[in-house]
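Here is a short note to read beside the model. Keep the structure open and check each point as you go.

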Amino acid sequence: MSYLIGEMSPSVVLSFPRVRGVRPSLTIKATVLHVGDNQDDALFDSLVDCEIARDTDAGHARLAKYGTRKLKRVSLLNDAVKYFQLVLNQCPVGHPNRAAALTNLAWARLKGYTRKNYQDVDSVTSLFREALALRPQGHSDHPLSIYHLTSALTCRYRKERTAVHIYESAQLSCKLLPLCPEGTYLRSTAVGKNGVDYMIRECNNLPTDTSDEGIRFRRAVLELCPLSNEHRPEALDKLARDLMTHFQQCGSIDDLDESIQRDREAVSLCPEGHFNHDTYLNNLALSLKFRFNHQGNFHDLAEAIFLYEEVLRLCPVGHPNRDISLSSLGITLLTRFRQRGDVNDVTRAISLLREALMLCRPGNTYRDYIIHNLASTLQARYDKLDTSEDLNEAIDLYRYSLRLTQLDSPERHPTLHCLSSALCSRFKQTMKNEDIEEAIRLCQESLGALPLLHPGRYFSYMWLHEAHLSRYRVQHNLADLSLAIENFRLASRCPAQGFPPRIKTARKWVTAAEHHNHASTLEAYSTCFDLLDGHMATRSSTLLQHEAATAFSDARSLPVDAASCAIRCDNLRHAVELVEQGRGQQWSLASRLRSPIEDLEIVNPNLAYKFSELSKRVSDAQGSSGSTDRAATEQAETHYRRLMEQWRAAVAEIRNFEGFSRFLLPPSYDDLQAAARHGPVIILIASQYSCSAIIVPTSGEPHHVRFPRITLTHLEKLKNDFTREIRLASFMRPEETRKELQVLLRTVWDEVMLPIVIVLQRDLKVKSRSRIWLCPTATFTSIPLHAAHPFRMKADGRGRELCLEDVYICSYTPTLSALIRSRQMMKTRITPSFAAIGQSEPGAVQGKALLTVDSELELVRKLVPTTADPTTLSGDNATRAGALDALQENTWVHLACHGKQDREQPYNSCFAMRNEPLTLLDIMEKDIPHAEFAFLSACHTAVGDEETPDEVIHLAAGLQFSGFKSVIGTLWVVDDAVAKYVVEAFYENMFKDGLMDFTKAAWALNRATNAVKTKVPLEQRMVFIHIGV
């Protein structure tokens, strides 16, 4: 040392042999003082530094002796603390060594605390906190200070077992580990058995804490567990359980989605054979079942049942968890029974639950849960089979379960709700007033105990409306009816509950309000539409949206029933608004992402850009088909939902601007009347309550046209008769008279279209040969209204009576909004271009060869003006990709090929091409605003899905949505041998003046079908319809 000082080196680094893979080092600094240099301040500072160093060394020496096994005298510890306190006193705030002095003093006191010599641990953590504050991020000793504080907090937790200390320690460790590279001594110490490993083990054993702070803590613990860490599966499971419990309390689907994501990872890390494999499978299945109850996705329910079956296989007779496995599978089979009504499901569920109850002895905390599930299952079988024994046993089991449940238990509320519903059922059977009184009291008890935003309140409202409605039907007290309706309203609007159960409740509200002629009926219909729209908007693809729409089979008639209700209330304007809001919801959802925003760009260009970009991102996130990887699909759905939340927030922001308060809200009658700008639109309502029409004129109030002799039953028979006669006509010779078909068309004329024509001519003064638009709903969509014909002579014998197409030029529109949107896109037009696309020899399993396609394409090419530079795409070039390119690059297209309607999944309806089909999904995903006209010379291109006729999902509607303003489509099979005559006559009329004006398409089709009467049989003239502008 004297050598080093003599050399006057300002600092020297001494290295030592490796310890645990790390080479320690020591930096020595030396200073020589010269008396007489007249540097009194420097001399004093140096002397103080020397005193600090001596006291620090003395403190460490005594602390080291205290730490040995032989010398654990408290006097040594007290001496060490005294010296370190002296040092701290010489290092005031701002002194460069204050952090070190704080740390030394805190460490000595911590040693005393761990050995029970000191009790004041608060001062220890305070000293370490102050030292950490003096060594912020970036300081060389910042990691060491974090480590010291975590050690102190962990020690305190060991003694006091207070969760808040281990919480903070875990969160600090998350900051520490990234600052400690692998291989360093500090890292090995921090993650050792007394460090992070101990912390993780203890954290995983802590009870559930579903507060925001508790969930943040669980995330911090997980962050401490890399993929290779043995504790990661348990940390994942703990976080998943807390998230699911938080979902049960608050109803946030994000919590449930993350819970499932964490459960999946836990299962993947613990394959079969791992001691926790069955537990993690069970927990994943439980999360999936909860999500099904909230979201209504059948894939979740199917996967949950599959997983529970697997868990039961892993829990054979004698396994300690077999009772839990039996109960879980049983209650999930009950869920499927409630959806599909298969009695085998409920029968097996009861059997499984009875076995579970036998295995679960009294005193087991899970026994109450099994009793509740068995009661629910027996009650469900009673609802299906009306077996009184099942209902009475269910009530007895619910009562027994309540006696076992603590008043503050979260499991008490579901039992209260279920007992209330069972008592309602028994009241309907026995009319005993005490049952219904108790049912109401139980729900009120539950409501009084649950927070305002708790998801469980939904069930209280649901069974309260059932109880009051049941009592009203017996006692006829209007107060009960009012209370029932109010609870319908509250249940339908309960924000913490998922859309599917709320939709079912709103549907019941509609039924009850209609039955009792209540003033809230129209409100109930509007609530249904809002909820259905919200539910479909949560689905991340077009196919999933359609699945969501078809899941509620009893909701199919809502649009027409709502319109019928408004008509009965003499509110025709609202009838138009409701039928428009309820129909074509999937097209409406898609069109919102393509809404024109020119006006917004003037008011707030930044917000317009933000909305446009979000719309594009949402559209891009809508996958057209689901991935087979469930985890990947779930992540995509979560991403989509979060984008939708941002999109909705942008819409809400736009509505705050003056003039934009109704931005993307359901259109008003005044908005919808724009569809009738160039001629009246006739909405044909086919409801179980009434069948009639509403005429929306160019200006003024709507007109109602009654069909006094037509009911929905008549229309259903008429639809079936048309289907039969058109099929039979295909076997007849062209020259044969289609007598039965003429009879049906005469009925359509006399009972439906003639009353409409009378109002058009007499009341609205609509001139002959004017254009009209038909907007059929429900069953009317399957009837060829445009072909209505009396097929008889005038009463005076002077010629035949005129048919509809003699009087007016008919077009169709799927919805009024679709027609308005097409007209809005007419603002900018480009030079027309024409492509004829045909495929006579489609690829495998797409259909037989079409012998006349090529000659039809040649015929069309010759008739199209040369100014359109017509091109032909056929043979090997008419592929899916080639056809899509032609659709996007041309303003006019003619398609001649096989058309296929997919009755199970209408979005898979397609045109047959050379390699693979061109589907409706392919078409509607394209945005072609410059497109103008399409002639679809193929089968079934304008016929929708029978399951959801009011969604109007077909190929022609898809082309109109993608941008084609005017489309010729077909209602059934086209005979290509005679179709060419209609095609030829159409284009001859269309281009008679040499101009390409797509607004003439309806007139040209009208002229064409009239011109080919002697060449083309009736059903092949009727098959073509015009849609759009």
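1. Between which two helices does the loop with M431 lie? The loop that holds M431 runs between α19 (412–430) and α20 (433–449). This is a predicted model, so take what follows as a reading of a prediction. M431 has a positive phi of about 60°, although it is not a glycine. Its relative accessible area is 45%, so M431 is partly exposed.

2. Find A778 in the loop between β6 (771–776) and α35 (804–807). Is A778 buried or exposed? A778 counts as buried because its relative accessibility is 12%, and the cut-off for buried is under 20%.

3. Now the overall layout. The chain is divided into domain 1 (46–270) and domain 2 (833–1028). How far apart are the C-alpha centres of domain 1 and domain 2? They lie 73 Å apart.

4. One record is worth a look. An unreviewed UniProt entry carries the annotation "domain: CHAT" for residues 745–1011. In the model, the end C-alpha atoms of residues 745–1011 are 19 Å apart. That span is 34% helix and 15% strand.

5. Next, the nonpolar cores. In soluble globular proteins, nonpolar side chains tend to be buried together. Here the largest nonpolar core has 163 residues. Which residues have the most contacts inside it? They are F707, M753, I756, L785, F911 and F986. Helix α34 (residues 739–762) gives the largest share of this core, eleven residues. A second, separate core has 125 residues, among them L132, Y366, Y382 and L419.

6. Take F911 from the largest core. Leaving out residues up to four places away in sequence, F911 touches Q846, L895, C897, H898, P917, L918, I923, L936, A938, T941 and L955. Pick a few of them in the viewer and trace the contacts.

7. T919 sits in strand β13 (residues 918–919). T919 counts as buried because its relative accessibility is 15%. Which residues does T919 touch, not counting those up to four places away in sequence? The contacts are Y907, N908, S909 and C910.

8. Strand β13 comes up again with helix α38. The buried residues of helix α38 (residues 880–889) are G882, A883, L884, A886 and L887. Their cover includes β13, along with β8 (834–838), β9 (871–873) and β10 (892–896). Helices α39 (920–924) and α40 (955–962) are also part of that cover.

9. The 15 residues of α22 (residues 478–492) should span 21 Å at 1.5 Å a residue, and the end C-alpha atoms are 21 Å apart, so the two values agree. At the start of α22, a side-chain oxygen of N477 comes to within 2.9 Å of the backbone nitrogen of A479.

10. Stay with α22 and ask which of its residues are buried. They are D480, L481, A484, I485, N487, F488, R489, A491 and S492. What covers these buried residues includes α21 (457–475), α23 (499–515) and α24 (521–537). As a reminder, an α-helix has 3.6 residues a turn, so residues three or four places apart point the same way.

11. Look at G112 in helix α4 (residues 98–114). G112 has 0% relative accessibility, so it counts as buried. How far is the C-alpha atom of G112 from that of L77? The separation is 7.0 Å, although G112 and L77 are 35 residues apart along the chain.

12. T184 lies in the loop between α7 (163–176) and α8 (185–190). T184 counts as partly exposed because its relative accessibility is 27%. The T184 side chain reaches the backbone oxygen of P181 at 2.8 Å.

13. Last, R641 in helix α31 (residues 630–655). Is R641 buried or exposed? With 10% relative accessibility, R641 counts as buried. Setting aside residues up to four places away in sequence, R641 touches I253, D254 and D257.

Notes:
Residues numbered from 1 in each chain as written. Predicted model: local features only at pLDDT ≥ 70, side-chain atom pairs only at ≥ 80, totals over all residues. Heavy atoms only, no water. Domains from an automatic or database assignment. Helix = DSSP H or I, 4+ residues; strand = E, 2+ residues; numbered from the N terminus. Buried < 20%, exposed > 50% of the residue type's maximum accessible area, 1.4 Å probe, protein only. Contact = heavy atoms within 4.5 Å. UniProt positions renumbered as here; feature names shortened; annotations may be inferred. Core = buried A, V, L, I, M, F, W, Y, C linked by side-chain atoms within 4.5 Å. Expected span 1.5 Å × (residues − 1). Polar contact = N/O pair within 3.5 Å; in protein donor to acceptor, adjacent residues only side chain to side chain.
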